[in-house]
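Hello,

Here is the structure I promised to pass on. Have a look at it first, and then read my notes on its salt bridges below.

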Amino acid sequence: MSTHSHSRRRFVTDAARGLAVVGGVIGSGGVFAVNTPSATTEPADPLAPKPTHHPARAKAVIWLHQAGAPATQDLFDHKPELIRLHGQDVPASFLKGVQVNTQGGAGKLFASKRTWKQHGQSGHWASDLVPNLARHVDDIAFIHNSTTVGATHDISTIKLNTGALQPGRPTLGAWVQYALGSGNTDLPAYIVLSNGGRGLESGSVHYSAGFLPAVYQGIPLQLGDTPILYLDRPELLAAKQQRHALDFLKAFNQQHASRYPADTELKARIEAYELAYRMQSTVPAVVDITKEAAATRSAYGVDEEATGEYGTNLLRARRLVENGVRFVQVVSGQAAKYRDWDAHEDLEGNHAAQARMVDKPVAALLADLKQRGLLDSTIVVWTSEFGRTSYGQSGSGRDHNPWGYTQWLAGGGFKRGFSLGETDAIGLQSVGDVASKVDTYDLHATVLHQLGLNHLKTTYLNNGRSERPTVVWGRVVHDLIA
């Protein structure tokens with residue numbers, strides 16, 4: 001066998017492996033969109049930019065998932081009454097509607113040990129765990145009445161990403177890519193970054209396209225010099241040979257496509273090969289932070305042990321949205337010996353390490369986006385699968401809490417220096433009726449709205465049912481919008 005033949009075979013094998021990462025287009029099993037922003041049928045290029053339902057306030061989303069669920073009573077939700085009642089049994093009035101058997105029942109009330117101060121013109125409280133973020137409270141819209149369903153990490157994380165309690169539905173990033181297309185034809189529209197620990201341990205379920213065509217799934221990028229596995233050109237294949245091989249494959253695929261003009265997936269396959277080829281040069285260049293100014297790298301903490309990996313991911317996230325990527329999902333992970341924010345015990349040690357990892361980089365991200373004029377067009381979301389209880393566990397930790405916790409939004413046309421809702425006096429449950437509380441579905445609907453999408457009209461026909469991102473729930477929280 002000749003070296004040339006071997007190189008061609010090697011290219012086809014490696015290209016196939018790479019396209020599996022980039023987002024295969026085989027076997028979507030559905031019929032293309034109904035009531036999408038573009039049309040009733042999918043265009044030949046599934047990543048082509050598509051019109052919005054209404055004028056968009058934002059172009060991109062950086063979704064900061066704090067994996068493991070931080071205790072917002074120790075970060076952003078100051079509760080003097082909890083401090084006063086520390087060590088006492090939880091008054092029965094606070095437990096109405098709460099199922100306390102998530103991980104062993106309600107312990108004694110457990111006050112935050114942090115030092116709290118008010119910051120900015122808004123006077124929002126923040127603890128000494130987040131001194132850098134505290135300087136940006138006037139750019140943030142806090143959601144203090146957040147709620148969700150489920151009290152296990154896997155179930156609630158799936159709901160946070162997809163709106164469902166079990167795998168199988170598209171993630172929010174996949175819906176965004178499907179509805180809007182890509183903002184840069186040389187890059188995918190949906191990218192996922194993580195730094196170990198719990199991170200993306202459940203795999204593609206958390207960036208899946210679900211029943212949407214697989215081309216819309218998220219592309220995970222690794223830390224290090226090889227962000228996407230199998231994307232590089234095979235070692236023994238010259239650039240000219242690779243281009244000839246791609247042209248050869250394209251000719252065959254186009255000939256086949258001409259016989260089946262309604263086969264949009266075959267057309268998508270052709271585009272996916274071309275996107276993978278273009279990404280060989282664009283992805284490494286976009287995520288290469290070595291060209292950033294020393295002051296910028298220092299602000300994100302990329303050269304420090306505690307913040308290096310997370311800071312690198314956030315600096316990459318800024319570079320990605322700057323280059324037209326629609327949705328960047330950043331999942332926090334290992335900090336010191338703690339794999340995530342999940343603190344059933346040793347909350348002080350856990351949260352000190354986790355906060356040290358994320359506080360400086362997230363503050364730098366907000367400042368960097370603002371300085372570059374990108375914050376107005378970029379939505380930054382700080383969120384988690386749920387919160388943590390106001391009562392203690394194991395003597396030094398907190399249990400899971402889906403009944404009341406804090407999330408926040410910045411940029412993208414949201415109010416600045418604003419707080420929505422509240423939890424009760426001890427920070428256990430959100431106050432108000434069900435309609436006033438902000439569930440995952442409401443968060444998704446509101447983010448989509450700012451991107452110019454009506455969540456009720458962003459639909460896909462799957463097995464005879466018109467599906468949408470918010471399942472059968474969700475409302476736009478207009479009180480958050482400037």
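Lys-79 is buried, at 12% relative accessible area, where buried means under 20%, exposed over 50% and partly exposed in between (1.4 Å probe, protein chains only). Its salt-bridge partner is Asp-77, with 3.8 Å between the closest N and O atoms; a salt bridge here is a side-chain nitrogen of Lys or Arg within 4 Å of a carboxyl oxygen of Asp or Glu. Asp-77 is buried as well, with a relative accessibility of 6%.

Before going further: this is a predicted model, in which local features need pLDDT of at least 70 and side-chain atom pairs count only at pLDDT 80 or more, while totals for chains, interfaces and linings use all residues. Residues are numbered from 1 along each chain as its sequence is written, and side-chain values use heavy atoms, leaving out hydrogens and water.

In total, the structure holds 24 salt bridges. Another of them joins Arg-372 to Glu-322, with the closest N and O atoms 3.4 Å apart. Arg-372 sits in the loop between α10 (347-371) and β8 (378-383), and Glu-322 in helix α9 (residues 308-322), 50 residues away. (Helices are DSSP runs of H or I with at least four residues, strands runs of E with at least two, numbered from the N terminus.) Arg-372 is partly exposed at 34%, and so is Glu-322 at 35%.

Arg-416 and Asp-376 also form a salt bridge, at 2.7 Å from N to O. Finally, shared partners connect Glu-292, Arg-318, Arg-319, Glu-322, Asp-368 and Arg-372 into one salt-bridge network.

Best wishes
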